[in-house]
Number of protein chains: 2
Amino acid sequence: MRDRPTVPMKAAVRRTTLAVDVVVLSPRVDALAVLLIRAPAGARERWSLPWDAPQPGEGLEDAAARITNAVLGAAPAYFEQVGALSDARRHPGDADVSVGIAALSPAGVGSPIEDAEWFPLASLPALAPRHRTIVDRAAAVVRQRVDQSPLAFRLLPNTFTLSDLQGVYELLLGRRLHKASFRRALQASYLVEPTDEWRSEGRGRPAQLFRYAPKKRRGARRGVRFDLFTE
Amino acid sequence: MRDRPTVPMKAAVRRTTLAVDVVVLSPRVDALAVLLIRAPAGARERWSLPWDAPQPGEGLEDAAARITNAVLGAAPAYFEQVGALSDARRHPGDADVSVGIAALSPAGVGSPIEDAEWFPLASLPALAPRHRTIVDRAAAVVRQRVDQSPLAFRLLPNTFTLSDLQGVYELLLGRRLHKASFRRALQASYLVEPTDEWRSEGRGRPAQLFRYAPKKRRGARRGVRFDLFTE
DNA sequence: TGACATTGGTGACGAATTGTTACTAATTCG
DNA sequence: CGAATTAGTAACAATTCGTCACCAATGTCA
C-alpha cells in the first residue's frame with residue numbers, strides 16, 4: 001500500500017524510439033544458424049542482428065518480414081515474438097525499446113546479401129549486449145515451444161523425409177532422439193501424410209517424402225505435468 | 001527476392017508512443033478475475049485495462065509493477081509478457097504500440113482503488129479492441145505456460161492446501177482434474193514440502209498446509225510430444 | 001450419542017504410453 | 001557378391017496414468 005495515488009490513471013503518452021530486432025534462424029550443417037549483418041565502421045561490435053524501426057501502422061511481424069526480406073531475399077515461414085526489452089543494455093541504434101522477433105526460415109531458401117552471414121548459434125561473434133540477450137531468449141523460446149507448435153516443420157521444405165524432421169528436432173532440442181519412439185509419436189499425431197515420392201541420398205535405402213498436413217485433432221487432455229518446469 | 005535494397009540497414013529510428021497494458025489476474029470465487037479501471041467520462045468504453053507509458057530507463061516489468069501497485073496497492077508476484085502489438089486496433093490512449101503484460105496476484109492481497117474492480121474472465125464488459133486482444137492473449141499464454149512454469153503457485157499465498165493448488169490448476173485449465181493423479185504427479189516432482197500446520201475449513205477433515213519449495217531437478221528428458229500442439 | 005455428510009489422503013490394479021532391442025528392407029560401394 | 005549405410009517396424013519391458021476403492025478426521029443433526 002505504498003505510493004498510492006489518489007487519481008488512478010492520468011497516463012501521459014511519451015515518445016520513445018522503438019526497434020524490431022530479428023533473429024533469423026535456419027538449420028545449417030549440423031547446427032542452427034543466425035543471420036547477422038556487418039556493422040558500419042566505427043560501431044563497437046562488428047556484427048549485429050538485422051533491425052529497423054517499424055513503419056507507422058506496420059505490424060511488428062510485418063516489419064520483421066520486411067527486414068528479413070531485405071537481408072535474405074526471402075520472407076520467413078514463421079514468426080515468434082521473443083519479448084520486448086527496455087532495460088539499459090546497449091542497442092546498436094540506441095533504441096529505447098526493442099521487440100525481439102525470432103523468424104524461422106527453411107534451409108536453402110534465399111541467400112544473404114553481401115554484408116550478411118550465417119553464424120552457428122554456438123559460436124557467435126561479439127554482439128551489442130541487448131542483441132546478445134535477444135538471441136539467447138530467441139533460442140530459449142524456440143526450444144520451449146518446439147513441442148507445442150509446429151515450429152520444426154517451418155524449418156523444412158514442403159516435403160521432407162522423417163530423418164530430416166528428426167534431425168531438425170535434434171538441432172532444436174540439442175539432444176539425440178530415439179528413431180522408433182519419434183516415428184511412433186509422429187504416427188499417432190496425424191500431422192504428416194506420405195507423398196508418393198522417394199528420395200535417394202547417395203548410399204542407403206531411399207526415404208519416403210512426407211508433407212505437413214495436420215488432421216482433425218482429438219482432444220488430448222492429460223493430467224498436469226509438473227516435470228516440465230523450466231524455471 | 002523482391003524489394004531488395006542495395007544498402008542493407010540504414011535504419012532510421014523513429015519516435016513512437018508506447019503503452020504497457022497490464023492484465024492483473026487473480027483467482028476469485030470459482031473464476032479467474034481481471035482488474036479493470038473505470039474510464040474517464042467521454043471514452044468510448046466504460047472500462048479499460050490499467051496502463052501507462054514506461055518511464056525513461058524503466059524496465060517494462062517494472063512499469064507493470066508500478067501500474068499494478070497504483071491500482072491494487074500491491075505488487076504482483078509474477079509477470080509474463082503477452083506480446084507487443086502495433087496493429088491498427090484502437091487503444092484507449094491511442095498508443096502506437098502496446099506491450100501486454102500478464103501480472104499474477106494471489107487471492108486476498110491488496111484491494112482495488114475506488115475506480116477499479118475485479119471482473120470474472122468469462123464476463124468482461126466492453127473493452128477497446130486492442131485491450132480485448134491483450135486480455136485474450138494473456139489468458140491463452142497463462143493457460144499454455146501453466147505446466148512449464150510454476151505460475152499456479154504465484155496465485156496462492158505462501159502456504160496452501162493441496163486442494164487449493166488443485167483448484168487453481170482447475171481454474172487455469174478450465175477443467176476438472178483427478179485428485180489421486182494430481183497428487184501423485186506433484187509428489188514425484190519434489191516441488192512442495194509440507195509444513196506442520198493444518199487448516200480446518202469448517203466441515204471435513206483438516207488439510208495439511210504445504211509451501212512451494214522446488215528441490216534439485218532430475219533432468220526429465222522425454223521424447224517429443226506431438227500431441228501438445230495448440231495451433 | 002451416534003449415524004452420516006463432507007473433505008482430506010492413499011494403495012493398488014489395469015490400461016495406455018514410452019524406451020529399447022532387434023530385426024527386415026533397399027540401396028551404394030568395392 | 002558381401003560389407004556398409006540408411007530407412008522403417010515389430011515386439012517386449014518398464015514406466016506412467018486414469019480410476020476405483022477405501023480409510024481418516026472433522027462438523028452436523030436427529
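## Exercises on a predicted protein–DNA model

**Exercise 1.** Determine how many residues surround DNA strand D and which of them are closest.

*Solution.* In this predicted model, 24 residues surround DNA strand D. The closest are Ser163(A), Gly204(A), Arg205(A), Gly223(A) and Arg205(B). Next, assign the surface to secondary structure: helix 3 (162-173), helix 4 and strand 10 (207-212) of chain A, together with helix 4 of chain B, each give two or more residues.

**Exercise 2.** Identify the residues that come nearest to DNA strand C and the elements that supply its surroundings.

*Solution.* Of the 24 residues around DNA strand C, the nearest are Arg205(A), Ser163(B), Gly204(B), Arg205(B) and Gly223(B). At least two residues each come from helix 4 (179-189) of chain A and from helix 3 (162-173), helix 4 (179-189) and strand 10 (207-212) of chain B. The class count for this surface is 6 nonpolar, 10 polar and 8 charged residues.

**Exercise 3.** Describe the contact between chain A and chain B, considering the side of chain B.

*Solution.* Begin with the totals: the contact takes 67 residues from chain A and 67 residues from chain B. Among the elements of chain B that each supply at least two residues are strand 1 (15-28), helix 1 (60-72) and strand 5 (78-85). Helix 4 of chain B gives the most, with 5 residues. By class, this side has 35 nonpolar, 18 polar and 14 charged residues.

**Exercise 4.** State how strand 1 of chain A is joined to strand 1 of chain B.

*Solution.* The two strands run antiparallel and are joined by 3 bridges. Within this pairing, Arg15(A) stands opposite Thr17(B).

Technical notes:
Residues numbered from 1 in each chain as written. Chains lettered and ligands numbered in written order. Predicted model: local features only at pLDDT ≥ 70, side-chain atom pairs only at ≥ 80, totals over all residues. Near = placed C-beta within 6 Å. Helix = DSSP H or I, 4+ residues; strand = E, 2+ residues; numbered from the N terminus. Nonpolar A, V, L, I, M, F, W, Y, C, P; charged D, E, K, R; others polar. Contact = placed C-beta atoms within 7 Å. Pairing = 2+ DSSP bridges.
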